[in-house]
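Please consult the sequence and the structure shown below.

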Amino acid sequence: MSERSVRMTVNGEVRQASVEPRLTLADFLREKCHLTGTHLGCEHGVCGACTVMVDGAAVRSCLAFAVQADGAEVTTIEGIAHPDGELSAVQAAFRDCHGLQCGFCTPGFVVSVTAFLRDNPGPSDEEVLDALSGNLCRCTGYQGIIRAVHQAAGTLREAAGA
Amino acid sequence: MTAVEAATAGRYAGARVPRVEDARLLTGAGTYVDDISLPGMLHACFVRSPHARAAVKTVDVAAARALAGVHHVFVAADLNPDVREQWHTSIGPDGPETPRPPLADDEVRFAGDPVALVVADTRYIAEDAAELVEVDYEPLPAVVDYVSAGSSPTLVHASHGSNVIGEMAGLPASALQGVFDSAAHVVSETIYQQAYAAVPMEGRGLVVDYSRSTGDLTIYSATQSPHEVRLFCSRLLGMPEHRIRVVMRDTGGAFGQKIMVQRDEMVLMLAARKVAAPVKWVEDRRENLLAAGKSRHEHAAVKMAFDAEGAVQAVGIDFVSDCGAYPTPWPVGTSAVVGVLFPGPYRVPKASFAAKCVYTNTAGRSAYRGPWQFESLAREVLLDIAARQMGMDPLELRRRNLLRADELPYANANGMTYDRIAPLETFEQALQMLDPAAFRREQAEARTHGRYIGMGVSTYVEPSTPAFGYYATEAATIRVEPSGKVNVYMAGGSTGNSIETTVVQLAADALGVNIDDVATIQGDTALTGFGAGAAGSRSGSMSAGAIGEAAAVVRERIVAIAAHKLEAAPEDIELAGSRASVRGTPSIGLSLAEVAAMSYFDPLSLPPGVSAGLEASARYTTRAGIWVNATHACTCEVDVTTGAVKILRYIVSEDCGPMINPNVVEGQIAGGTVQGIGGVLFEELAYDQDGNPVATTFMDYLLPTAADVPIIEHGHIETPSGGPGGYKGVGEGGAIGSPPAVVNAVADALSPFGVTITRLPLGPAQVLDLIESAPGR
Ligand code: FES
Ligand code: FES
């Protein structure tokens with residue numbers, strides 16, 4: 001299959017590769033960029049484990065092709081913490097609230113919630129559940145995840161107010 | 001207690017200590033099997049049968065082999081002859097196992113049965129090539145309905161001579177006929193549970209890396225038991241166990257499905273020595289739903305006899321389970337547990353049971369969290385039906401029959417002796433949290449507005465921490481390194497059970513060191529002692545036992561060295577905060593680093609009889625399993641026009657013993673509970689009548705989402721077990737207790753219609769059917 005050159009910024013670094021048009025963005029990130037924090041739980045757009053940000057929007061990278069992200073700014077779970085390694089407010093909230101167990105779904109949740117709270121810093125309970133319902137977790141029963149979103153929202157609001 | 005408060009108190013067990021796993025898992029730095037990348041690694045893809053049953057006439061791999069980038073296409077004849085022995089340690093070499101050809105040879109026995117394995121440069125090419133493999137199938141009639149499978153002339157395994165895998169029984173039902181004939185009230189129903197499955201978010205997978213120069217095989221595996229993978233592989237290939245190394249760093253959920261090596265994994269092991277490069281296979285969701293195994297799918301005729309006051313006189317269960325074509329492992333023993341535990345935590349003087357397992361042309365049965373949970377489902381649903389028939393409050397009926405503390409230990413009618421449980425206490429605690437009287441008022445009020453709300457409870461007792469076979473022992477190595485930092489080596493491995501955190505907490509307490517000074521190394525057979533893995537809700541209590549044994553040896557040595565150096569009596573040395581000091585005079589002491597330095601760098605200065613080095617390997621063996629019990633109580637609303645069920649409140653009161661880490665305990669309970677809720681309301685691993693699977697994506701196999709689950713309210717009762725630290729196993733109970741609580745709540749909500757629920761699942765369509773066909777409609 002003829003290959004095409006793609007170039008994108010991933011977590012602030014320029015990545016360039018020659019890829020088959022059918023290579024998914026998820027596989028590009030995992031295999032060409034060695035960023036294996038983006039996980040594949042279904043490869044058909046339901047579980048959300050593969051969620052990354054493309055130009056700021058939460059996107060299921062199993063459904064996107066790498067070539068579609070040509071020229072884009074991509075943020076993966078590896079790019080969520082502060083540059084000095086300090087966890088982001090969302091990551092810290094997941095840790096504090098036992099929002100993860102096996103951790104397989106976690107990158108997708110953290111990225112989705114990060115984008116969600118950026119767009120909706122003061123969500124209602126219902127909006128939180130609605131936002132979370134696009135990601136599947138089989139370990140936690142969602143209990144700690146729901147608490148984590150509320151905690152992170154509070155932290156982020158405080159930081160914004162300060 | 002926070003970790004800091006705990007440190008001041010000198011004890012981490014009991015505290016909500018943050019998890020050591022989280023730093024890597026939150027930043028995308030975990031290492032799941034699909035994250036393993038080795039130089040030159042190739043990728044594998046299976047060719048799977050589209051038929052439930054068919055004769056395999058020919059397999060033409062020429063076109064697939066010719067595709068650029070394809071290295072191998074293996075069929076049964078290439079790999080199956082290499083099998084030396086295949087048996088799981090829990091069953092033993094002489095168990096009555098199902099014949100398990102790694103790749104299907106002359107016959108495929110379920111849709112998804114692996115027929116060929118393609119190995120190629122990339123997963124994409126392997127998938128392309130798999131499409132090019134031409135299999136000439138001759139479809140054959142399939143055994144799909146398990147209820148009639150036992151008497152079907154069509155056989156799933158002709159060599160077995162019958163579709164009945166095996167049967168086990170206790171007292172025959174006929175022996176209790178007299179009791180049932182003379183009872184004031186008898187209730188009997190046949191209760192069915194649909195097929196559903198573990199469905200971990202990460203599927204199964206492994207990377208095999210065989211070195212032709214050294215003859216060593218390294219396997220990276222998504223597993224609950226790296227040591228069992230190694231043992232199984234050594235038998236399969238006839239390779240010495242110590243030439244195989246199995247590594248698992250992070251496993252993305254398992255819930256029983258990843259305890260045992262299955263056929264797909266056997267194929268990779270067999271292929272390893274034939275491919276001159278490492279090979280990775282990671283199943284996709286479709287494969288997981290097709291071939292990783294199904295669970296539940298069973299029914300039983302159950303009955304109970306009561307006296308005029310509602311005291312249970314006798315119970316009986318006749319249980320049949322669908323085990324698919326290739327159950328892993330032999331399923332009959334577990335099915336007997338359904339019968340043995342059917343009396344539950346109640347005063348039941350007499351019980352009968354029979355259990356039967358049958359083959360069908362569907363995915364094989366595999367273990368899933370609380371594999372015998374049908375006993376609780378059937379018993380608790382039947383109790384509610386009985387209460388309605390007798391015109392009694394279901395709560396009162398339970399209260400009258402639940403075992404009281406003063407009756408323990410209590411031998412159930414099938415010979416199981418329960419002890420150190422608190423069924424009535426968890427029941428009362430859950431009800432106190434629920435406030436049934438207030439709910440009944442709310443319910444009556446709601447009904448006047450045409451709203452149907454209901455409440456349901458369930459109570460169960462389950463065995464954890466099995467004390468038989470290889471489950472009965474666990475090893476730990478504790479090494480205080482020369483700098484005074486501590487490493488704890490255990491079989492373990494993170495599958496979502498927080499076992500790294502647990503081990504670090506327990507070891508810090510056992511040695512009197514600060515938690516930050518302790519790390520743990522797990523999930524690598526080359527580094528850790530043999531252990532059976534995460535199964536049977538055993539990890540917490542067995543880890544406590546093993547750490548206790550190893551720490552005792554290390555402590556004794558630390559104390560001897562410190563006493564000698566400080567010129568104090570060993571009895572007066574206290575270990576706390578990573579220091580050995582003289583009791584009452586904390587300023588006189590040595591840091592653990594100083595003791596370690598003496599031990600490693602100045603061995604000639606050690607007191608007589610104390611050997612150099614600060615490490616010990618030890619093994620704990622348990623002689624008695626640990627009983628755990630809980631009560632689940634929930635309320636729900638049923639929308640009688642759409643059939644949708646919404647859980648309103650959910651309460652779990654579990655007698656979990658003292659908690660090592662309440663976050664972990666509650667996380668396990670919640671996770672299991674939500675899996676059980678999913679099992680009742682959403683999930684079904686369904687097949688059509690020809691044996692075609694109809695749920696092979698997450699569009700058809702519906703998992704509960706955050707929007708579907710209630711906030712779970714936890715009550716804890718802490719009756720210590722007889723095991724190490726008094727701890728109990730809580731990994732499985734949530735999935736046992738929740739299905740009957742939800743069913744009973746739905747039935748209660750719909751009681752004005754007079755519905756009786758005996759079939760799962762309870763999706764909207766089924767709920768509407770129930771209402772449609774209800775007598776009181
Ligand atoms: S892997 Fe992309 S949504 Fe599931
Ligand atoms: S933490 Fe395991 S799937 Fe969510």
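The points that follow cover the chain interface and then a domain interface.

The model is predicted. The contact between the chains takes 42 residues from chain A and 50 residues from chain B, and the area buried between chain A and chain B is about 3800 Å². Chain B itself is divided into three parts: domain 1 (33-140 + 204-251 + 258-291), domain 2 (295-465 + 625-772) and domain 3 (468-621).

**Interface of chain A and chain B**

- Carbon and sulfur atoms give 60% of the buried area.
- On the chain A side, His98(A), Arg138(A) and Gln143(A) lose the most area to chain B, together 21% of what that side buries.
- Four salt bridges cross this interface; one of them joins Asp128(B) to Arg22(A), with the closest N and O atoms 2.7 Å apart.
- There are 22 residue pairs in polar contact between chain A and chain B.
- Helices H1 (25-32), H2 (89-96), H3 (106-119), H4 (125-132) and H5 (143-161) of chain A each give two or more residues to the side that touches chain B.
- That side of chain A comprises 20 nonpolar, 15 polar and seven charged residues.

**Domains 2 and 3 of chain B**

- The centres of domain 2 and domain 3 of chain B, taken over C-alpha atoms, are 40 Å apart.
- In chain B, 13 residues of domain 2 contact 16 residues of domain 3.
- About 1100 Å² is buried between these domains, with 58% from carbon and sulfur atoms.
- Thr465(B), Ile660(B) and Pro724(B) supply 49% of the area that domain 2 buries against domain 3, more than any other three residues.
- Between domain 2 and domain 3 of chain B, the count of salt bridges is zero, while seven residue pairs are in polar contact.
- The side of domain 2 that touches domain 3 has six nonpolar residues, six polar and one charged.

How values were computed: Residues numbered from 1 in each chain as written. Chains lettered and ligands numbered in written order. Predicted model: local features only at pLDDT ≥ 70, side-chain atom pairs only at ≥ 80, totals over all residues. Heavy atoms only, no water. Domains from an automatic or database assignment. Contact = heavy atoms within 4.5 Å. Buried area = accessible area lost by both parts, 1.4 Å probe. Salt bridge = Lys/Arg side-chain N within 4 Å of Asp/Glu carboxyl O. Polar contact = N/O pair within 3.5 Å; in protein donor to acceptor, adjacent residues only side chain to side chain. Nonpolar A, V, L, I, M, F, W, Y, C, P; charged D, E, K, R; others polar. Helix = DSSP H or I, 4+ residues; strand = E, 2+ residues; numbered from the N terminus.
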